[in-house]
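I opened the notebook to record what I looked up in this structure, entry by entry.

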Amino acid sequence: MSAHDLWILSPELSVAGLGIIVIIADLIRNKKPPLIWLAAVGLTVPLVLTLILWFDTPDSELGVFGTVTADRLALFFHFLLIGTTAAVIVAGATYSKKFAGFQGEFLALMLLSVSGMMLLVASRDVITAYVALELSALPAAALAAFLRTDRSLEAGLKFLLLSALSSAVLLYGLVYLYGATGTTDIAGILEGINSMDADGDRAFGSSAIMLGVVMVVAGFGFKMAMAPFQMWVPDVYEGAPTPVVAFLSIASKSAAFAIVLRVLYTALGTDELAADWSILIAILAAITMTAGNLLALSQKNIKRMLGYSTVAHAGYLLVGLAAVAANSDSDGFIAGPQGVLYYLVAYALTNLAVFFAIIAITNRTGSDMISSFAGMARRAPLLSVLLALGILSLLGIPPTAGFLGKIFVFSAAVDSGLAWLAVIGVINSVVSAFYYLRVIRTMFLDEPETNERITADIPVWAATLVASAGLLVFGIAPSSLLEFARHAVSGVVT
């Protein structure tokens, strides 16, 4: 491996190195709390390296024999993953007391998992992507079981087993693509498909390619929490530590959407192929958001409810992926891929605000049931307002970033000739109001169980305020984020 390869991989290597440093520091220090700040501050190193790569490298910089890239799309997700991880680490400083003595292992597993996700979004080869996916999944399974309660262990085991099953399906799909095209390079797959003789009117021009694409989408669908591969979500969200749930709901989903975006627009990027996978993704989007919202209606545990909510939001994101026509003939901001990237950042800020407020409240109440939030507006007024703001952003109410995110992906669907999909999305947004507003009603209208005031520690306060401010700023003035997203997809989507 050359110095150039090490430079291309420097953000990923620095995050993995930070995880190792945390483990060593945990072994040689008796005082554990500073490990939280070592990990949070240490993430400035990969952040700075990513910034330098963004400004100083060409759009198509390749390394490690062309298997990884430092293009703008990968670096965009590096920023998102690093920022999310740092925020979760800071907000989880108090929560981590629940596994006192094991903070080092907790932080190291999170850092090693995010390093795998960063490698995944930078992959230009399907074998590299598969290895990176496993590097991110195995530490995540351990994190889900970290509380070591019955529910937590069940969550970790389910995540591990279903992750293994989805990985097997994904690997079979990659084998079909390799067998049909003779290459594992993502860009080379497109050349291989174009050189093949079409098999009549069959989708993707070949039965092997069609089966491979379906299995690849199914394999990555597990990470995206896409129906019908979302069966792990509610149990893992309910049983895993709340900071881990926040981490998985954003980082894991973002990494999966990044690699799917790269595969679909690079390996299957011609107009003919795009027409085939657009319909496939559109159908999955309709099923996913409908299933997520309907199943969330009856939930009484707020983390389980948010688990089904994240399934619904995966469906909204899939609307943006399906909207290919808006990208092909539009120079405006409201195009499928740009809308997906904006939505991912808006969803990240929204989910962080919601989960951080929940962490602050449940650290004091000890319960994740929605009923335990009764009268919370009297016991913790500012936390309740911030939680309500995050919930309204999930619902898509202006002037939040969640509102504009939905506007962008639904508009892209209409411009792409998928108006029926946008209508289904709007109907699902209305349905989601029933369970989102139920939480707000409980906090502001129901009588509290006790009048004891609830306060939060400074780290979780700071993290919640920053996330809440972000979803308002990008909801009111989205142009800078949209421009950032345009640059990110410019080298991948043409």
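**Overall build.** I started with burial, and I found that buried residues make up 62% of the 494 residues in the protein, where buried means under 20% relative accessible area, exposed means over 50%, and partly exposed lies in between (1.4 Å probe, protein chains only). I note that this is a predicted model, in which local features need pLDDT of at least 70 and side-chain atom pairs count only at pLDDT 80 or more, while totals for chains, interfaces and linings use all residues. Residues are numbered from 1 along each chain as its sequence is written, and side-chain values use heavy atoms, with hydrogens and water left out.

I then looked up the secondary structure, and the protein has 22 helices and two strands, taken as DSSP runs (helices H or I of at least four residues, strands E of at least two) and numbered from the N terminus. The radius of gyration is 22 Å, close to the 23 Å that the globule rule gives for 494 residues, so the protein is as compact as a globular protein of that length; the radius is taken over C-alpha atoms, and the rule is 2.2 Å times the number of residues to the power 0.38. Along its principal axes the C-alpha trace spans about 70 × 55 × 40 Å.

For the contacts I took heavy atoms within 4.5 Å, and among those in the protein between residues at least 6 apart in sequence, 80% join residues at least 24 apart. For the surface I noted that the protein exposes about 18000 Å², of which carbon and sulfur atoms supply 67%, with areas from the Shrake-Rupley method and a 1.4 Å probe, where for residues only the protein chains shown count as cover.

**Pockets.** I next looked for open space, using a 1 Å grid over the protein atoms alone, on which a pocket is an open set of points where a 1.4 Å probe fits, with protein on both sides within 12 Å along at least five of seven lines, and lining residues have an atom within 4 Å of a point. Grid points are joined across faces, edges and corners, and the volume is the space filled by probe spheres set on the points.

The largest pocket holds about 420 Å³, and 19 residues line it, with L47, F79, L80, G83 and T84 nearest its centre. I looked up which helices contribute, and α4 (44–56), α5 (72–91), α16 (336–365) and α22 (479–490) each supply at least two lining residues, with the largest share, seven residues, coming from α5. By class, this lining divides into 15 nonpolar, four polar and no charged residues; here Ala, Val, Leu, Ile, Met, Phe, Trp, Tyr, Cys and Pro count as nonpolar, Asp, Glu, Lys and Arg as charged, and the others, Gly among them, as polar.

The second largest pocket has a volume of about 300 Å³, and among its 15 lining residues Y95, L147, E238, K303 and D368 lie nearest the centre. Its lining divides into three nonpolar, seven polar and five charged residues.

I looked up P46, which has its place in α4 and is buried, with a relative accessible area of 1%. Not counting residues up to four places away in sequence, P46 touches P11, S14, V15 and I82. L395 lies in α18 (residues 381–395) and is buried at a relative accessible area of 9%. Leaving aside neighbours within four places in sequence, L395 is in contact with K406, S429, S432, A433, Y436 and L437.

I also compared two C-alpha separations: L395 and A155 are 240 residues apart in sequence and 27 Å apart in space, while P46 and A286 are 240 residues apart in sequence and 37 Å apart in space.

**Backbone checks.** I found a cis peptide bond joining A227 and P228, with omega about 5°, and P228 is in the loop between α10 (207–224) and α11 (233–239). The bond from P398 to P399 is also cis, with omega near 5°, and P399 lies in the loop between α18 and α19 (401–415).

Among residues other than glycine, R148 has a positive phi of about 60°; R148 sits in the loop between α7 (126–144) and α8 (150–181) and counts as exposed at 54% relative accessibility. A225 likewise has a positive phi near 60°, but A225, in the loop between α10 and α11, counts as buried at 3% relative accessibility.
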